[in-house]
Amino acid sequence: MADIETDVLVVGTGPAGSATAALLSSAGVANMVVNRYRWLANTPRAHITNQRAMEVLRDLGPDVEAEAVMHASPQELMGENVFCESLAGEEIGRMKSWGTHPLSKAEHLLSSPTFMNDLPQTFMEPILFKTACSRGTQARMSTEYLSHVQDEDGVTTTLRDRLSGGTFTVRSKFLVGADGGNSLVAEQLGLPFEGKMGVGGSMNILFRADLSKYVAHRPSVLYWVMQPGADVGGIGMGLVRMVRPWNEWLIVWGYDINQPPPDVTPELATEVARQLVGDPALEIELLGANTWTVNNCFATNMQKGRVFIMGDAAHRHPPSNGLGSNTSIQDGFNLAWKLAKVVKGQAGIGLLDSYTVERAPIARQIVTRANQSIAEFGPIFEALGMDGGVDHEKIQKNMEARCDATPAAEAQREALRKAMAFKKYEFDAHGVEMNQRYRSDAVVTDGQEEPAFEKDRELHYAPTTWPGARLPHVWVFERSGNKVSTLDLCGRGEFTLLTGIGGEAWVKAAETVGAELGLPIRTHVIGPRRPIEDHTGDWARASEIRDAGCLIVRPDHHVAWRSETLAADPVAELRRVLKSILAR
Ligand code: FDA
């Protein structure tokens with residue numbers, strides 16, 4: 001007999017684990033989450049929070065989204081990625097990033113009801129964790145995962161209470177390993193990984209200092225410092241990152257991975273801070289320092305039987321593009337509703353197989369992207385004549401040559417501009433953030449080909465209702481005049497059917513099939529004098545179906561199926577589609 005029973009045990013209270021627990025509790029599923037430490041993240045590692053992650057928070061409730069917005073630095077402050085010799089020194093160039101360029105901003109506004117923001121992990125985790133615990137999650141801190149065994153009906157996990165030293169067991173239907181980049185759950189499952197750990201070395205230096213005079217006139221979250229030596233190890237370049245404007249900072253500086261990691265003493269931390277800020281008299285209040293390695297590694301299978309891995313446990317990569325915590329939260333959004341449906345008996349256990357089918361390709365994509373982004377600093381170094389050598393005087397001369405009045409210097413300036421603009425693949429890659437499309441048994445094709453991406457798929461989001469894609473956001477209107485996003489009509493743990501005038505038979509069919517399957521299906525009819533109106537015509541343009549057609553939207557906002565017109569037998573069609581998606 002196990003000491004404790006629950007439906008889902010989650011190991012880890014990082015963005016992945018806390019989000020999953022919050023979503024499970026919101027769906028009314030008994031769950032327990034453990035963390036080997038006594039509290040949540042103690043360093044503000046993740047911060048760039050993209051629209052898709054914010055949509056998950058919005059799905060958890062307007063209060064959750066509002067709290068995140070309240071604590072975040074707004075998008076306007078994120079914008080001018082600065083490349084400089086030091087904060088006090090010469091500026092080499094800058095680019096508008098994270099959706100702050102007017103053209104990019106328009107795309108952001110058109111794509112989502114949410115805004116990108118800068119929310120340090122030290123704020124994000126407590127929001128998610130509090131949401132989970134207040135809605136029913138049983139959380140145990142200072143509790144370490146040791147091992148598990150699974151059988152046909154469930155998983156028995158052994159944990160250690162780090163306060164008493166004693167061990168105890170938890171019996172659950174499912175186990176989720178959200179235990180980070182050194183995941184013991186993943187290791188014990190023996191899941192296959194591709195790639196390499198430890199391809200570069202970085203040190204983090206967290207400190208307080210008022211740097212307003214160097215930055216307030218060019219607000220950004222990232223100030224990239226190009227000095228001789230900046231191209232060694234790490235994330236590609238020296239970085240002074242805003243944590244709180246403009247008095248809390250995190251410096252990321254590389255070290256040679258072939259050497260042992262440096263001991264980041266207060267003296268070394270102060271020296272690096274002074275060097276990157278460019279103020280030899282700078283006094284800092286050091287809050288912490290540590291070293292970490294850059295990884296390039298992802299799981300090609302994220303589950304075995306009743307045990308799943310998510311977040312950094314499955315995808316291990318540098319912070320470039322700011323994808324880690326965002327993708328971790330989205331892994332949770334994908335898995336939580338599936339677990340909830342299975343636990344509630346509304347879906348067969350086969351539904352869970354779609355988790356790895358849908359998320360492992362994303363793991364591969366984001367790890368590859370993040371590591372490529374490091375490599376794409378190369379042309380900037382090249383344009384500046386930073387050759388990775390140790391002759392700092394020569395490098396400085398190369399860098400300064402760009403100011404000369406010679407054809408060579410003009411070519412150098414042009415190369416530098418191009419190389420910096422190319423960094424949009426790291427700092428303004430909206431498509432990477434928003435274009436996730438799934439192909440799995442939890443999606444039923446309507447026989448249409450996947451629409452091609454007309455623009456660069458890494459840079460631009462391409463909305464479509466092609467089954468497997470995320471439901472496009474447009475604003476529609478309640479009869480009261482209240483504006484709501486199409487995403488707000490869906491989600492919150494349930495399937496939703498969207499149709500228009502002439503599609504009322506779909507609504508009836510949803511009632512019939514929902515009752516048959518014991519599955520709540522929310523329905524919305526959109527059109528003039530209907531509960532939801534499309535005054536702008538945006539929905540008519542975005543839906544890619546006729547008025548009497550329908551879309552079935554999964555709880556995670558992805559389109560499960562669509563019918564362009566009214567089917568001859570809507571009940572039979574819905575039954576076929578839902579039974580297939582739910583593995584029943
Ligand atoms: P995470 O590592 O956060 O959490 C793991 C959890 O498991 C912890 O609670 C831990 O205590 C627990 N745990 C581990 N082993 C355990 C055991 N045996 N028993 C019990 N508990 C155990 N991402 C992003 O989206 N935007 C960004 O801007 C950045 N920026 C950034 C900057 C820097 C400098 C770094 C180093 C990283 C980022 N990231 C990022 C990445 C981001 O921090 C990372 O991807 C997420 O924290 C991953 O979340 P997880 O929940 O998967 O793991």
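Strands β4 and β7 (residues 117-118) pair in the antiparallel sense over 2 bridges, and P74 stands opposite N117 in β7. The two strands belong to an open sheet of 3 strands with the order β3-β7-β4. The model is a predicted one.

- β3 (48-49) and β4 (73-74) are the edge strands, and each of them pairs on one side only.
- Strands of a sheet are held to each other through backbone hydrogen bonds, in a parallel or an antiparallel arrangement.

- Strand β5 (residues 80-84) and strand β13 (residues 222-225) run parallel and are joined by 3 bridges.

**Strand β15 and its two partners**

- Strand β15 (residues 248-255) has 8 of its 8 residues buried, so the rest of the structure largely encloses this strand.
- E248, L250, V252 and G254 point one way from β15, while W249, I251, W253 and Y255 point the other way; all are buried.
- Strand β12 (residues 193-208) pairs with β15 in the antiparallel sense over 8 bridges.
- Strand β14 (residues 238-244) also runs antiparallel to β15, and 5 bridges join the two.
- A hairpin of 3 residues links β14 to β15.
- V252 in β15 is the bridge partner of N204, and V252 is likewise the bridge partner of L239.

**The ligand and its surroundings**

- A polar backbone atom of Y145 is 2.8 Å from a nitrogen atom of the ligand.
- R36 places a backbone N or O atom 3.1 Å from a nitrogen atom of the ligand.
- H47 places a backbone N or O atom 3.1 Å from an oxygen atom of the ligand.
- The ligand taken alone exposes 1,000 Å², and the protein buries 91% of that area.

**Cysteines**

- A disulfide is a covalent bond that joins the sulfur atoms of two cysteines.
- The count of disulfides in this model comes to 0.
- For C403, the closest cysteine sulfur is that of C84, at 14 Å; a disulfide needs the two sulfur atoms within 2.5 Å, so this pair is too far apart for a bond.
- C297 counts as buried because its relative accessibility is 6%, and the cut-off for buried is under 20%.

Note on methods
Residues numbered from 1 in each chain as written. Predicted model: local features only at pLDDT ≥ 70, side-chain atom pairs only at ≥ 80, totals over all residues. Heavy atoms only, no water. Pairing = 2+ DSSP bridges. Helix = DSSP H or I, 4+ residues; strand = E, 2+ residues; numbered from the N terminus. Polar contact = N/O pair within 3.5 Å; in protein donor to acceptor, adjacent residues only side chain to side chain. Areas by Shrake-Rupley, 256 points an atom, 1.4 Å probe, with all protein chains shown as cover. Buried < 20%, exposed > 50% of the residue type's maximum accessible area, 1.4 Å probe, protein only.
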